[in-house]
Amino acid sequence: MNFKEIAKRGETGPLTEANDFLMKRVSANVLKLEKKYRITWDGKTLINLDDEMADRCWQAGRELLLASGIFGMNSRRIIEFSPEEVDEALRFAPGQLPMGQGKDAVTVHHRQVEDPRLPFVFSGPFNADTSEEHFVKLNETFAQERLIDSLLFPGYLKKLDGQMIRPTSGLASRAAMLYGQWSREAVRRAGRPGMPITGHAVMALNEIACTNEQWGLRSTDPRAMVLISELQVDDVTMTRLAYYLAYGCPIYMAFTPLIGGYGGGPAGTAIAAVASFIAAVILGGEVVHIGPQHIKFKQQTNMHSLFLAGLVNQAVARNSKIIATTSHTTSGRPGSEQYAREFSALALTAVTSGSNVTGPRPAEPLGFNNVSPLMARLFAEVSHAAAGLKRSEAAQIVAGLYETYKDKIDLQQAPKGRAFEELYDLQTLRPTSEHQALYDRLKEELSSLGVPL
C-alpha cells in the first residue's frame, strides 16, 4: 500500500454521502463492536487499568476500519483496505523517527505502557493566533526551553501590515513564507538552529510556500496533516500529503475523536479512535496525534476525555509500534492555576499509558498570543516526571487534580488568563515576577500531590 494507490482509490472507491458513511459505516459498526468486544466505561474511572480491555479495543478499532474505510470528503468516495494491507502498514510503521539537524537532531520513539523512558515533548504556540510584532520573540521564548524537543505549530498569522488575511489569497502565501522565515529566525536566536519545527501554518495549500531549505521549513521538520472526525479526509490534506511525502518530511498526522459524536460515549469513541490511529498510519503518518475531544465541553481534560486518552493510548502501545502523541487542550488559559492542573492531569494519564505529549493550549484562546512558554516548561517537567509512575499511582494524583477544576470545565466559567506580552518581559524574554511566582507555586503544589518533579 502506497500513497499512489490510496489517492487512486480516493477517486474510484464506492460512492456515498457523508451522512451515510458516518451513520451506516461508522456509528452502526461502533455499536456492534462495542458489544462484541465488551468495551465499557463505568462513568468514574479516569485512567484505565484493564489491559485486556485495551487489547480488545485494539481489535475492535482494526475491525471498524476494515468495515468503514476512510471517506474522501470531496470525491465522496470510500477508500477501502484489505486485512493484509492494514497489517502490512502496521508492520512497516516506524518505531522511532529522527528529526531536526546537526547537534539539535532528536528522535521520537514509540512508548510502551508505563514506559520509564522520557516522552518526547512537542510544544509551542500550537496554532494560537499570533501577532506579527511578537511572532519571533514568542517562538524564541518557547525554543529556549530546553525540555521542548520540537517547536510546535509556531502560530497562526491572521493579519499582516494591518490587513486581515484571506486563506487562499496571495497575502496568505506571503504569510506562509514569513511563517517559515520567522520560525527559523526564532530557533536560531534561541541557540538551537537545527531544532525541528513541527509546522502547520493553517493556510491550506498556500502553506507549502513556507518550505525552503535555506530560509523556511526543511525536510527534517515534521509537517502536520489532519484527519477529520470520524475517519474522513479532504483534498487539502491529500494534496499536502502528496507534496510532503515526496519532499521527504516526517509526517505528523493528527485527529480528534469526538466524544458524544458518531462514536457515541467514551467507550465507542475509543474504538473509532483506534481505527483513526491505524488509518493515519496507512495514509503515511509516522507520528500520530490524538486529541481526545469532547463535543459538548470542546476541550480534552474532562473525565470522559481522560478515560478515552488512557484506553486508546494503551491499546496502541500494547498492540503496535505506532509513535503516539496526545494533545492537551484545556478550559483554563495561560496565566491561571487551572491551566496547569488540567494539562498535568492529562499528561499523567497519557504518559503512563504509552504516549508522547503535545501541548498545552487553551480550548478557547482569548485574543492574540494567549500562550505561555513557562507553562510549557512545567508541562514538560510533569510529562517527564510521569515516566517514573505506574498507572495506579498516576490515577490517584489525577483524581485529586480533577477535583480542583471539574466545576470550571465550562469555557465561560474557566479563568480568562493573560497574553504572552503580559506574562513576559519582552526585552529580556524572562517571565514577570508574578508569572514566575505562579509557576513556583504550581510546581510545589504538584509535588505535594505526588508528582516526582
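This is a predicted model: local features need pLDDT of at least 70, side-chain atom pairs count only at pLDDT 80 or more; totals for chains, interfaces and linings use all residues.
Lysine 298 lies in the loop that runs between strand S15 (293-294) and helix H9 (303-319), and lysine 298 has a positive phi of about 65° although it is not a glycine.

**Backbone details**

A positive phi is also found at leucine 231, where the value is about 60° although this residue, too, is not a glycine. Leucine 231 sits in the loop between S10 and S11, and with a relative accessibility of 1% it counts as buried. The loop between strand S10 (223-227) and strand S11 (232-233) also holds glutamate 230, which is joined to serine 229 by a cis peptide bond with omega at about -20°. A cis peptide bond also leads from glycine 359 to proline 360, with omega near -5°; proline 360 has its place in strand S17 (residues 356-362).

**Packing of helices H4 and H8**

How do helix H4 and helix H8 cross? The axes of helix H4 (residues 83-91) and helix H8 (residues 266-283) come within 9 Å of each other, and they cross at roughly 80°. Because angles of 65 to 115 degrees count as roughly perpendicular, H4 is described as roughly perpendicular to H8. On the side of H4 the contact is made by Val86, Ala89 and Leu90, while H8 contributes Ile278, Val281 and Ile282. Sorted by class, the contact of H4 with H8 has six nonpolar residues, with no polar and no charged residues.

**Aromatic rings**

A search of the whole structure finds 15 aromatic pairs, and two of the pairs are set out here with their computed geometry.

| Pair | Centre to centre | Angle between planes | Arrangement |
|---|---|---|---|
| Phenylalanine 255 and phenylalanine 277 | 5.2 Å | 85° | edge-to-face |
| Tyrosine 339 and phenylalanine 343 | 5.3 Å | 90° | edge-to-face |

Phenylalanine 255 counts as buried at 2% relative accessibility, and phenylalanine 277 counts as buried at 0%.

Tyrosine 339 and phenylalanine 343, by contrast, both lie in helix H10 (residues 337-352), four residues apart, which is about one turn of the helix. The relative accessibility of tyrosine 339 is 1%, so this residue counts as buried, and phenylalanine 343, at 0%, counts as buried as well.

Aromatic residues also gather in a cluster, and one such cluster is formed by Phe120, Phe122, Phe126, Phe153 and Tyr252.

**Cysteines**

How many disulfides does the structure have? A disulfide is a covalent bond between the sulfur atoms of two cysteines. With a cut-off of 2.5 Å between cysteine sulfur atoms, the count comes to zero disulfides. Cysteine 249 shows why a bond is not assigned there, because its sulfur is 9.1 Å from the closest cysteine sulfur, that of cysteine 210, and this is too far for a bond. Cysteine 249 is buried, with a relative accessible area of 5%, and cysteine 57 counts as buried at a relative accessibility of 0%.

Is leucine 46 buried or exposed? Leucine 46, which lies in the loop between helix H2 (18-36) and helix H3 (51-68), has a relative accessible area of 11% and is therefore buried. When its neighbours within four places in sequence are left aside, leucine 46 is in contact with Met303, Leu306, Phe307, Thr349, Val398, Ala399 and Tyr402. The C-alpha atom of leucine 46 is separated by 9.3 Å from that of asparagine 302, a residue 256 residues apart from it along the chain.

Glutamine 144 has its place in the loop between helix H5 (135-143) and strand S6 (150-152), and at 32% relative accessibility it counts as partly exposed. Not counting residues up to four places away in sequence, glutamine 144 touches Ala190 and Leu429. Between the C-alpha atoms of glutamine 144 and threonine 220, which are 76 residues apart along the chain, the separation is 19 Å.

Key
Residues are numbered from 1 along each chain as its sequence is written. Side-chain values use heavy atoms; hydrogens and water are left out. Axes are lines fitted to C-alpha atoms, for helices over the stretch in contact, and angles run from 0 to 180 degrees between N-to-C directions. Helices (H or I, at least four residues) and strands (E, at least two) are DSSP runs, numbered from the N terminus. Angles under 35 degrees count as roughly parallel, over 145 as roughly antiparallel, 65 to 115 as roughly perpendicular and the rest as oblique. Contact means heavy atoms within 4.5 Å. Ala, Val, Leu, Ile, Met, Phe, Trp, Tyr, Cys and Pro count as nonpolar, Asp, Glu, Lys and Arg as charged, and the others, Gly among them, as polar. Buried means under 20% relative accessible area, exposed over 50%, partly exposed in between (1.4 Å probe, protein chains only). Rings of Phe, Tyr and Trp (its six-membered ring) pair if their centres lie within 6.5 Å; planes under 30 degrees apart count as stacked, over 60 as edge-to-face and the rest as tilted.
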